[in-house]
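Here is a short report on one protein model. Look at the chain first, then read on.

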Amino acid sequence: MIDSAVYRDGRRVASPATLAETFRQLREEPDGMAWIGLHRPTQPELHSLATEFNLHELAVEDALEAHQRPKLERYGDTLFVVLRAARYLDAQEEVEFAELHVFVGPDFLITVRHGSAPDLSAVRHRMEANPELLSLGPEAALYAILDAVVDGYAPVVEGVQTDIDEIETEVFRGDPAVSRRIYELSREIVEFQRATRPLVGMLHGLMAGFAKYGTDEELQRYLRDVADHVTHTSERVDGFRQALTEILTVNATLVSQQQNAEMRALAEAGFEQNEEIKKISSWAAILFAPTLVGTIYGMNFETMPELHWAAGYPFAILLMAVVCTSLYVIFKKRDWL
């Protein structure tokens, strides 16, 4: 348990140290309200709360297991809200998500956090500094929490926008690591969409129940303002998704162009290499012909044709010249030389 307090007329009248003491103090305050803050509570703690405030077992099970999508459910006179808070980590340049469960009843509000965000102590202090608003009951505290979660999205939006701007620069600079960064940021934006999109419907659902549940007019204005902010945030996140899709397409095009250029360069290098090989092979063949003739006539055998022929030497020279010239003409016609 992080903090527990009992309020009357918007002012803290008790700060119990245990859940049992909180239950006792609340019973002694007929018009009081208990605000209990928990962080990763144990099963016995949640079960004691469920027994005292008649919480539905399905909601308690969700709060224990976490990993729930944002949602709003009513169990009799108790409202169960699941929120996904987010914060931008500058050092890692990534978005961290945390889960928050809120039970709202006629005289109590219970928060169950699975993560470091949002800072509910700041929310509590802000509400305690405004007793008139807090005196409106647990719904006022719920709307303050909703406002804190939604306001926490603003730095995340700015951080993601900066990341996208940097990625655009890296794409056109040809950074080879940009593809991985695009993929990682795309996953974060998908998670961000999962946090913000359901929240729009949840807030509109609360607004639709104003008349039925007799919500105070001040709280109605408060909730409408939160709904406007989350709608704006959701639209920007959707825009980020579209922008990343377009950046990914551009990056794929640039990578393809670069690969084509590299393949073209390799093909040109191969062509030039083939041309050089042709020249080398041609000259090797031309030089091989006189070498062959000279080798044959240079063998040291006594019984050889033309060995004592007076015209043998001129004939050999003439034969070498004819063969070399013929090969040169043939290779020249084929553009090998």
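## The model

This is a predicted model, in which local features need pLDDT of at least 70, side-chain atom pairs count only at pLDDT 80 or more, and totals for chains, interfaces and linings use all residues. Residues are numbered from 1 along each chain as its sequence is written, and side-chain values use heavy atoms, with hydrogens and water left out.

## Overall form

The protein has ten helices and seven strands. Both are DSSP runs, numbered from the N terminus: helices are H or I with at least four residues, strands are E with at least two. The radius of gyration is 41 Å, well over the 20 Å that the globule rule gives for 337 residues, so the protein is more spread out than a compact globule. That radius is taken over C-alpha atoms, and the rule is 2.2 Å times the number of residues to the power 0.38. Along the principal axes, the C-alpha trace spans about 140 × 40 × 30 Å.

Contact means heavy atoms within 4.5 Å. Take the contacts with a separation of 6 or more: 63% of them join residues 24 or more positions apart.

## Surface and charge

Buried residues make up 41% of the 337 residues. Buried means under 20% relative accessible area, exposed over 50%, and partly exposed in between (1.4 Å probe, protein chains only).

The protein has 31 positive and 52 negative charges, and their mean positions are 3 Å apart. Lys and Arg count as positive, Asp and Glu as negative; His and the chain ends are not counted. Each charge is placed at NZ of Lys, CZ of Arg, CG of Asp or CD of Glu.

In soluble globular proteins, nonpolar side chains tend to be buried together. A nonpolar core here is a set of buried Ala, Val, Leu, Ile, Met, Phe, Trp, Tyr and Cys residues joined through side-chain atoms within 4.5 Å. The largest one holds 58 residues; W35, L83, L142, I145, L146, L199 and L203 touch the most other members. Helix 6 (residues 138-173) gives the most to this core, with 17 residues.

Look at I145. Not counting residues up to four places away in sequence, I145 touches W35, L83, L100, V102, L109, T111, L120 and V123. A second, separate core has 23 residues, including F23, I36, L38 and L55.

S234 is found in helix 9 (residues 217-297). S234 is buried, at a relative accessible area of 8%. Neighbours within four places aside, S234 is in contact with T196, R197 and V200. S234 and V157 are 77 residues apart in sequence, yet 9.8 Å apart in space, C-alpha to C-alpha.

S282 also has its place in helix 9. S282 is buried too, with a relative accessible area of 0%. With neighbours within four places again set aside, the contacts of S282 are F331, W336 and L337.

## Two positive phi angles

Most residues other than glycine have a negative phi. R40 has a positive phi, near 45°. R40 sits in the loop between strand 3 (33-39) and helix 2 (43-53), and is exposed at 51% relative accessible area.

N54 has a positive phi as well, near 60°. N54 lies in the loop between helix 2 and helix 3 (57-65). N54 is exposed, with a relative accessible area of 66%.
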